[in-house]
Amino acid sequence: MAAALPLPHVTLVLGGARSGKSTYAEKLVEGTLAGGAPRPALLVATADLADSARHSDDEMAARVAMHRRRRGAHWQTIEEPVDIAAVLRRQDGTRPVLVDCLTLWLSNLLLRGHDVDSAGESLAAALADSRATVVLVANEVGLGIVPDNALARRFRDEAGRLNMRLARQAGQVVLLVAGLPMAIKGVLPA
Amino acid sequence: MAAALPLPHVTLVLGGARSGKSTYAEKLVEGTLAGGAPRPALLVATADLADSARHSDDEMAARVAMHRRRRGAHWQTIEEPVDIAAVLRRQDGTRPVLVDCLTLWLSNLLLRGHDVDSAGESLAAALADSRATVVLVANEVGLGIVPDNALARRFRDEAGRLNMRLARQAGQVVLLVAGLPMAIKGVLPA
Amino acid sequence: MAAALPLPHVTLVLGGARSGKSTYAEKLVEGTLAGGAPRPALLVATADLADSARHSDDEMAARVAMHRRRRGAHWQTIEEPVDIAAVLRRQDGTRPVLVDCLTLWLSNLLLRGHDVDSAGESLAAALADSRATVVLVANEVGLGIVPDNALARRFRDEAGRLNMRLARQAGQVVLLVAGLPMAIKGVLPA
């Protein structure tokens, strides 16, 4: 029925744990927020499944399986735990791209000892250059008490910095709370 | 002075710790947000006071006593740590009901080994069927760093799922920040 | 180019870790949010640098140094970990004042065993009496999972109470998310 919604070149969807951010971002990308038939779309999944399997991370595996069931056949999935900039540069712009999620990607970078600041810069440049419309999902993790351990504090700081960088670049930023979208930049698609 | 405000059938009031959500929800239910005389109201308190006493949980007992002092004689209180669906079904609709809070109720369910998903479903059905206008208070707990232990992660996930379910059903959802209400669904009562 | 923006007598800028609240508040105080030349301003820095040095708190020292580099020569800085009420009372109102941040100040009070409730009252009175326009920065720390230890829970509760008190007094309250301001009281300066 309703036409697929026009999206800005880059959209950032933020939210806490279990806030409905992936579901909302999927509808945004496939163009079904207002109903209608979904369009073909690409998911860049940053969950490191090889790593999860190695560590028997059942929580993560279960979540990934659940998300996959929810998405239909019009989705193609690329698993890329690190080099999402390269994936974005390869796109020809015929389908919108969902990157889910950046906070996991940040965690992958830190675990591998990458320079997260220059990785953030490369990602920003790839987003600017990409021919595809891109929706990024990221966690908001900075609104609780200061974590006890230095690693968690560093992760929280890097996640905040990354979110700020991408929010500046995005044409639209949405914060999900209890499954409901709040516009924090731009106007919500009706 | 001002007339009591009309409320939707179900309202969800979300907020962090010490965000003013209980105070706001009480005013919403007794109809005093814009001033005027309070109307009779029922509080369904989910704090498990027997359990708190048994464990000498002074923090919780002190908080409950403070909340009770703040509320006036027009409030009746029912303590029900688990079966709030039954309480909602018993109402004849003559007074609005405040359930404070769902996150504590969720914690009670988990401690007793109940199936939280089916409890959530029963609650949603009881809300739909209830003759009373209901205001639900719940904590937003998903915006901090990922907790270290699996139990806290599970609690956070279940709380997020419950909030999403009830936000979908509610006609109005309000997020309290520093005592100030933000409308995330519907329009704030002036 | 653009004129410095008019500010209410008291503004409260809230946000999580690395949410851009200090940067936003600095621009608000120096009048450069909409561009233009900065006006002279005073920073009341509550970071206890003597204490940080004593404990070799490199994280804090690095952050303070970074913030200082960002601010220009039109800023004067007073370091005051405890008695910010006295600093506010001394102002003659010729320059706006930034207090950054109240959550650190609260932490300083708790570490020294001060009565935080009466300190909050004194601060509120000093704000009401001050001839200066004041912008307060504070952390929102209550939106994560309940902390394991009682001290962290107490800190979280006191921070929430302080934020509520000051939000009531402020003419404008802004919540920063990913560097973007959301108005939760009053209207955002354009």
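## Buried cysteines and disulfides

A residue is called buried under 20% relative accessible area, exposed over 50% and partly exposed in between, with a 1.4 Å probe and protein chains only. In this predicted model, Cys101(B) is buried at a relative accessible area of 10%, and Cys101(C) also counts as buried, at 9%. With a disulfide taken as a pair of cysteine sulfur atoms within 2.5 Å, the count over all chains is 0.

## Relation of chains A and B

When copies are superposed by least squares on the C-alpha atoms of residues with pLDDT of at least 70 in both, chain B is brought onto chain A by a rotation of 120° with 0.0 Å of shift along its axis, at an RMSD of 0.0 Å. The two copies are therefore related as by a three-fold rotation axis. In chain B, the C-alpha nearest this axis belongs to Gly144(B), at 2.4 Å.

## The second largest pocket

The second largest pocket has a volume of about 150 Å³, and its lining includes Met182(A), Met182(B), Met182(C) and Leu188(C). Strand S7 (180-185) of chain A, of chain B and of chain C each supply at least two residues of this lining, which divides into 9 nonpolar, no polar and no charged residues.

A pocket here is an open set of points on a 1 Å grid over the protein atoms alone, where a 1.4 Å probe fits, with protein on both sides within 12 Å along at least five of seven lines; lining residues have an atom within 4 Å of a point. The volume is the space filled by probe spheres set on the points. Strands are DSSP runs (E, at least two residues), numbered from the N terminus, and Ala, Leu, Met and Pro are among the residues that count as nonpolar.

## Basis of the values

Residues are numbered from 1 along each chain as its sequence is written, and chains are lettered from A in the order in which they are written. Local features need pLDDT of at least 70 and side-chain atom pairs count only at pLDDT 80 or more, whereas totals for chains, interfaces and linings use all residues, and side-chain values use heavy atoms, leaving out hydrogens and water.

Definitions and conventions: Helix = DSSP H or I, 4+ residues; strand = E, 2+ residues; numbered from the N terminus.
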